[in-house]
Structures are given as structure tokens and as C-alpha cells.
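Here is a short report on a two-chain model.

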Amino acid sequence: MTMAAFDRLFPTHEVGSMRKLNATILALQRKPIARVHLDEIQYWWDHLGLNNPGPDEFIHLLTHPPSSRVEIPEWETKILRGRLLFNIRLLESTGLDFVYTGEAFRREMYEHFAKDILGIHLEDHHIRSFDDRFYRPGVRIAGRKAERRQPISIEEFEYAKQVARKPLRLCLTGPYTLYDWTIKEQGREEFFFELIKNVYVPEVLDAIRTGAQFISLDEPANTTKPYERELYVEGYKEFFQTIGSTARENNVKLGFHTCYSDNYEQLFEDLPEIPWDFGSLEVANRDLKGLGTTDTTRPAFKETLDMMIEAYNSGCRIKLTLGVLEVHADKQFAQDDIRAGRAENELRSVIRDRVVYMGEYLYNQLGEDGPYYLMIGPDCGLRPVSDFKVLQMMLHAMVDGATDARNILTDRYGLQEFKQM
Amino acid sequence: MMQLLGCLTGIHPFSEGTIQAIFDYKYGRASLEPVKREFENDLTALIKLQLQLDFGLVTTGNLGWGDLFRPFAEHMEGVRPFKSVSDLPVARYPLTNTFYRQPAIEGQIASSKPFLTEKAKDPLLGETLTLHRFLPPELKNKGWSVILPGPYYFQYCATGEFSPQECIWDFADVLITEIKSLENVGFSHILLDESPLTWQQRTHQIPHPNQLFATQEALQKITRNCAARIHVHTTNGDVLWRPPGFSEAILDMLLNANIDGIGIDFFQTNITAINDYSLGQRDLIAGLVDATGYARTLTGEIVLEDPEKVAAQARQLEQLEPRTLILAPTTRLEMIPRTIADLKLKVLGESLQQLRKEEN
């Protein structure tokens with residue numbers, strides 16, 4: 001089922017984390033939960049038909065922490081599982097081809113991995129990445145090798161596998177990003193190789209054993225330091241040398257995600273060096289917001305596609321998502337436009353045009369296989385979208401926009417809906 | 001006798017209290033009031049710390065600024081109007097895991113009426129963004145300092161269809177208007193961040209010589225037209241770097257701009273190599289404390305710079321004959337937690353104390 005979705009023309013997926021249900025956060029913090037947050041649970045459980053646990057049962061769970069300390073871990077796990085169930089069903093409701101846990105078990109992408117790595121001291125205090133977004137940094141412990149304390153994402157994935165009705169993607173915060181975001185003394189490159197060998201190889205092998213078929217490594221830090229370019233490539237070559245045969249034997253697809261980089265040129269130049277199966281990049285954020293399927297109306301996509309074609313001419317053969325949905329796309333619309341459905345229609349049309357433009361461009365440049373190298377997703381995780389109804393609307397618009405584009409291009413060029421590359 | 005001071009070189013981090021209050025507000029779990037309360041505590045604590053450490057220069061740490069460019073992106077003439085600030089594109093500060101919103105230029109940029117001291121508001125307290133009512137009155141017109149983007153940095157980070165050289169020139173005029181209004185309310189020290197001048201060596205970008213000449217002239221013009229002391233800070237690169245196609249090192253270019261002082265990151269610039277230079281009575285902001293790095297021991301203890309070693313490095317810089325030697329972190333401390341950032345300032349304070357003792 002996973003592979004069929006992977007072989008589809010313009011398969012759709014999301015990218016990263018989702019906002020967490022307030023009631024679950026407050027419950028886990030042992031804080032009082034206002035009615036409005038419980039109403040949110042009631043609404044979504046009813047709306048998505050969630051029944052295991054049902055709304056009353058889940059609200060009771062949230063509002064009745066156990067008095068015995070011994071029972072707390074199990075209670076917390078049930079809350080996280082409820083959150084995960086909601087995320088997956090919400091994503092499934094949008095029609096995506098691939099779904100994800102929305103990082104339900106993870107407080108934050110860096111922290112979730114750093115906390116289980118010996119050799120990193122996770123600070124109690126946060127730092128700002130921008131605006132009102134913060135993360136807890138880790139600090140390298142001098143004189144301690146990096147090692148995995150315990151499996152990091154496996155419990156979350158195992159439960160998600162039981163719940164998901166659609167092909168499931170597993171996302172891991174990548175080793176270079178962990179390396180780069182960890183505060184450390186200068187010139188500590190061995191730390192990156194320790195992370196790969198002692199943390200990521202065992203984690204990915206565990207994930208494959210657990211049944212993960214579609215694993216992506218989130219590397220937003222890639223390209224931020226051009227002087228570490230060779231380090232990144234060498235590290236991943238070592239990673240693929242170690243796990244490549246196991247991945248192939250199990251038909252596992254491995255990919256990356258990078259966003260908000262000012263140096264995609266470097267990324268594309270290095271792309272043929274690493275045997276990725278797929279990847280995703282943020283592009284819509286830098287594109288014009290209006291309709292159109294020409295070079296002048298889609299300048300950011302043209303620029304990125306040209307680099308992609310260059311990489312393909314150098315032997316690279318991976319499926320790429322060039323983000324078609326900005327994570328702040330909802331902010332372009334008035335509330336009335338969102339409520340009346342005008343925002344969804346407008347987004348759907350812009351996304352359709354972006355996909356049609358990309359598909360045609362690749363068809364013209366790479367032949368009829370070209371469009372099949374595209375996957376469709378947002379720029380990055382949709383965590384900034386605070387209203388789940390809006391998030392659902394945005395992903396729905398993306399899926400419908402991709403469907404419209406698929407229909408247009410299959411009609412125009414006689415393309416098949418599925419093709420194994 | 002050489003004067004010894006200390007200063008901040010960029011946006012200071014929020015405390016954990018403020019960050020937690022922001023989380024609660026952002027996700028609808030609490031009102032804005034606790035955020036305001038925590039923010040005001042942050043601000044007063046930072047100012048108090050700089051006074052305790054006797055830096056001589058005091059800033060608000062640009063607390064409340066979304067990023068260094070935000071008030072310009074919001075209020076300057078010639079930038080694209082927007083419904084919400086989130087309409088502005090997000091871009092990464094090169095070489096970091098931090099981001100800013102790009103000022104989107106769509107016409108000639110200008111500041112016919114100063115906004116930093118008037119229209120621009122701090123988003124939390126709703127007061128004038130400079131928040132100068134919190135600064136100590138005894139240092140008004142003597143030690144109030146503020147950090148602004150320099151013309152080269154601004155054009156580097158802005159987006160839109162524009163001529164970089166014209167943008168550099170026009171932004172210099174904007175800065176002159178704004179600096180004059182800052183002088184009027186009591187600021188006497190302006191730190192212009194021009195970090196891309198040096199970090200481009202590490203991002204493998206080559207600045208166009210014409211843009212460097214334009215920057216030099218723009219900085220000259222700003223210094224000539226403003227009464228405040230104009231310092232230009234660089235970070236994350238070697239100030240002795242000579243960009244390909246340019247006839248001189250970045251340091252020479254800045255010395256020839258006749259600015260009042262230069263800021264140098266001494267984690268990237270070799271102290272010994274720079275000793276051939278004379279600053280000609282300019283001030284030197286010496287980035288001797290790494291703003292982005294520290295370590296922990298196995299037992300969790302924080303490993304920071306040794307104040308004695310910092311003082312020893314500072315002593316080596318006396319050969320440059322600066323008018324004033326200003327000890328500083330290499331760049332904004334926003335990339336480490338507030339508690340550690342404050343400890344880094346204390347390292348600078350101790351080094352300063354030691355140097356002053358030796359001077360006496």
C-alpha cells in the first residue's frame with residue numbers, strides 16, 4: 001500500500017509537526033483545563049468519529065489524573081496516544097496519500113531526540129528561533145561520546161502503525177541538525193559521526209524492524225554552514241553505507257527535508273552524492289501568491305526546478321517535494337473568507353497552478369517520467385496553524401489542488417496515475 | 001588613559017519566565033498580562049545587570065524587537081504594506097538556527113518622519129519600541145546605547161526588486177533621520193551591525209566591490225551627520241578578510257569610513273595578526289566572549305570563558321591604541337539561554353573590573 005502511494009503521480013503528504021491539543025498539554029502539565037479546551041476535544045472527537053477512546057472517555061482521562069505516582073506514566077501514555085489518534089485521523093480526513101503522527105509524542109523536534117542522547121545535556125531553558133517560536137537547546141558534554149540512551153521514535157511509530165489507515169511516514173530529526181543545533185565548542189566534527197554511528201544507525205534499523213517503510217530525516221540545518229558541506233555529505237555516505245543494504249532488502253524509502261535555506265544551490269549540487277529516495281523543500285514561501293502557470297508567475301518554482309534538473313542531469317533520481325503550501329498561507333485571508341470557503345477555493349487554485357507548472361516543466365525537460373519525480377506537500381510542518389479547522393481546510397485545498405493538476409496533466413499528456421520509477 | 005567599557009552587541013534573550021508566559025498566551029491558556037509582567041521584569045533585570053557590571057554603556061537589549069529589521073520592515077516608507085507581520089517572508093540568519101522576517105522593498109525607502117522613537121511600538125507593553133523610559137537617567141546622553149542594522153546588512157537581508165547600492169544609500173538616509181531622533185531622546189551610542197561584511201567569507205559569498213564602496217560612503221555620511229558615536233560591529237568572520245576583487249581588507253574599508261569605532265569577533269580574527277594595525281583613536285568593540293558557545297561537564301557544570309584570560313586577550317589589544325576598549329560578546333546573545341547569557345555578561349564585567357584595577 002505504501003509503495004503504491006509512492007508511485008502515484010503527485011502523491012500528497014504533510015511534512016512535520018502539528019499544534020498540540022491544548023487540553024492534552026494542560027493535562028500533562030497538571031494544570032486546570034478550561035471548558036473551551038474540553039469543548040475542542042468534544043468537537044473533534046465527534047467530527048472525526050473517534051471512539052477508542054470516545055470523547056467522554058478521553059475527557060474523563062484528561063481531567064482525572066491518577067492519584068498514585070505509579071500510574072502516572074501509563075496515564076500520560078494514554079493521553080499521548082489520544083493525541084496521536086486525533087492527528088492521524090485529522091490528516092486522513094484531508095485525503096492525503098501519506099499520513100504522519102504530527103509528532104504527537106514529541107514536545108519539540110530537537111528536544112525529543114536530544115533528551116535520549118548520552119553526550120548531550122538538555123537545558124531547562126528555551127531560546128528563540130524567531131518571533132514567538134522557541135526551543136530547548138542541548139549542550140555537548142565535554143569528554144562524553146554521543147550514544148543512544150534508548151529507542152527514540154519507535155514507541156510512537158509502533159502505536160501509529162496500529163492506528164493509521166493510510167501509508168505512514170516516520171520522521172526523525174536528522175543527525176546533522178542535531179549536531180548543528182547542539183551548542184558546543186568549535187571544531188567538534190567527531191560528534192557528528194558519533195551521532196550517525198551510535199544514534200541514527202541503530203534508530204533507523206529499529207524503525208525498519210518495526211515496519212517503517214517511508215522514513216525521512218528532517219535536516220533544516222543543512223546548508224546553513226557552507227564550510228560544513230563536506231562533513232554533511234561524508235556523514236550521510238557513511239550512514240547509507242551502513243544501513244543501505246538493509247533498507248533495500250526491506251524496500252524502505254529514505255528521504256530528507258530541508259527548509260528556509262538561502263543556499264539550495266549547494267543542496268542540489270550535493271544531491272547526486274547521497275542515495276536518497278525522496279526529499280522535500282520549502283518553496284511556496286518564496287513564490288508569488290497569485291494564479292498562473294508561467295515562468296513569470298512561478299519564479300521561485302522555476303528557479304528550484306532548474307537546479308533540480310541540473311541535479312538530474314548529474315545522475316540524481318529521487319522524488320522531490322517542492323512545497324506548494326506556505327505554513328502561514330491562512331494568514332493571507334480574512335476570517336470571513338475562510339469561513340465562507342473562499343480561502344479554500346483560492347488556495348486550491350494556486351496550488352493547482354503550482355503543481356501544473358512544475359509537472360509541465362519537468363515533462364518538457366525530463367520527458368514523460370519527469371512529473372513522476374514530484375511529490376506534493378507543504379513547505380514545512382503546519383504547527384503555526386493554530387485552528388485545526390483551518391489546518392484541515394489548508395491540507396484539503398492542497399490535496400484537491402493536486403488532484404486537479406493530476407487530472408489536467410493526465411488529460412493533456414496521457415499520463416498514467418501510477419508509475420514505478 | 002584608555003577608557004574601558006562593556007556593551008551588548010545585539011538582541012538579548014528573553015528569560016524563561018517570559019517564554020513560558022508567551023507559550024501560555026500563544027496557545028490560549030492565559031492572558032497577555034503575565035507576559036507583560038515577565039517582560040518588564042526581564043527588561044529591568046537586564047538594565048540593572050549592566051549597571052552592576054559598570055559597563056558604562058547600557059541598552060534595553062533590543063528586547064521586544066521581533067528581529068533587528070522588524071521596525072524598518074513595518075514602518076519605513078518604500079516597504080510593502082501588509083495585513084499581518086506573518087505575511088512577510090521568513091529567512092534564516094546565515095550560519096545560525098535563527099530566522100527573521102525580510103523587509104520587502106517595493107519603492108524608494110525613506111523615513112520622512114522618524115518612527116523608532118514614535119510610531120514603532122513594543123508589541124508586548126505597547127510602548128515606544130526604544131523603551132528608553134526604563135534606561136537610567138544618569139546615563140542619558142552619555143551611555144544609552146542601541147543596536148541597529150547597518151546599510152549593508154539591511155540590503156543583504158531585504159527582499160524585492162531593488163538596486164543594492166541605491167538601497168545602501170537610501171538606508172543611510174533613513175538611519176540618519178532615526179539616529180537624530182534617538183539622539184533627541186538621549187541615546188549617544190549607536191551600534192550598527194554590519195556582520196555580513198565578514199561572515200560572507202564563511203558563507204562563500206563574494207560581496208560586490210561597488211556595494212562595499214557604497215557602504216563605506218554611507219557609513220561616512222552617517223558618522224558625519226550624527227552627533228552620537230557611530231560604531232560598526234562585525235561578527236562570525238575575519239575582519240582581515242579581503243573579498244576577491246576588492247582592493248583592501250574589510251578592516252581597512254571600515255577604518256577608511258571614518259566611523260567612531262569598530263567591533264571585531266576575536267574568535268574569527270587572529271589577535272596577533274591584527275596588531276599591525278592602528279585604530280587611530282577609534283573605539284574598539286572587542287568580541288572576546290563567544291556569544292553562541294559554551295560547554296557542560298559530565299556533572300552538569302557550565303564551562304564559560306575565564307575572565308582572566310579574557311582580560312589577558314584584551315591587554316594584547318591595547319597595542320592597537322583604541323580610544324576606548326569596549327569588551328563585548330561576539331554577537332547577540334539570543335542564541336543561548338538567558339541565564340547563560342547573563343553569566344557571559346558577568347564574565348565581561350569581571351574582566352573589565354580586573355583591567356580597570358590594573359589601569360589604576
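How many residues does the contact take from chain A and from chain B? The contact takes 47 residues from chain A and 48 residues from chain B. Contact here means heavy atoms within 4.5 Å.

This is a predicted model: local features need pLDDT of at least 70, side-chain atom pairs count only at pLDDT 80 or more, and totals for chains, interfaces and linings use all residues. Residues are numbered from 1 along each chain as its sequence is written, chains are lettered from A and ligands numbered from 1 in the order in which they are written, and side-chain values use heavy atoms, with hydrogens and water left out.

**Interface**

Chain A and chain B bury about 4,200 Å² between them. Of that area, 52% is on carbon and sulfur atoms. Buried area is the accessible area (1.4 Å probe) that two parts lose on being put together, summed over both.

There are 6 salt bridges between chain A and chain B. A salt bridge needs a side-chain nitrogen of Lys or Arg within 4 Å of a carboxyl oxygen of Asp or Glu. A:D132 forms a salt bridge with B:K26, with the closest N and O atoms 3.8 Å apart.

Which elements of chain A each supply at least two residues of the side that touches chain B? They are helix 2 (22-28), strand 3 (127-130), strand 4 (133-135) and strand 5 (138-140). Strand 3 of chain A gives the most, with 4 residues. Helices (H or I, at least four residues) and strands (E, at least two) are DSSP runs, numbered from the N terminus.

By class, the side of chain A that touches chain B has 18 nonpolar, 12 polar and 17 charged residues. Ala, Val, Leu, Ile, Met, Phe, Trp, Tyr, Cys and Pro count as nonpolar, Asp, Glu, Lys and Arg as charged, and the others, Gly among them, as polar.

**The chains**

| Chain | Elements | C-alpha extent along principal axes |
|---|---|---|
| Chain A | 15 helices, 12 strands | roughly 65 × 55 × 40 Å |
| Chain B | 11 helices, 14 strands | about 50 × 50 × 40 Å |

Chain B has a radius of gyration of 20 Å, close to the 21 Å that the globule rule gives for 360 residues, so chain B is as compact as a globular protein of that length. The radius is taken over C-alpha atoms, and the rule is 2.2 Å times the number of residues to the power 0.38.

In chain A, 64% of the 421 residues are buried. Buried means under 20% relative accessible area, exposed over 50%, partly exposed in between (1.4 Å probe, protein chains only).

**Two residues**

A:T223 sits in the loop between strand 8 (214-218) and helix 10 (229-249) of chain A. A:T223 counts as buried because its relative accessibility is 3%. Its side chain makes a polar contact with the side chain of A:S261 (2.6 Å).

B:K344 lies in helix 11 (residues 338-359) of chain B. Is B:K344 buried or exposed? B:K344 counts as buried, at 1% relative accessibility. The side chain of B:K344 reaches the backbone oxygen of B:G293 at 2.6 Å.

Terms used: A polar contact is a pair of N or O atoms within 3.5 Å; within protein, one must be able to donate a hydrogen and the other to accept it, and residues adjacent in sequence count only if both atoms are side-chain atoms.
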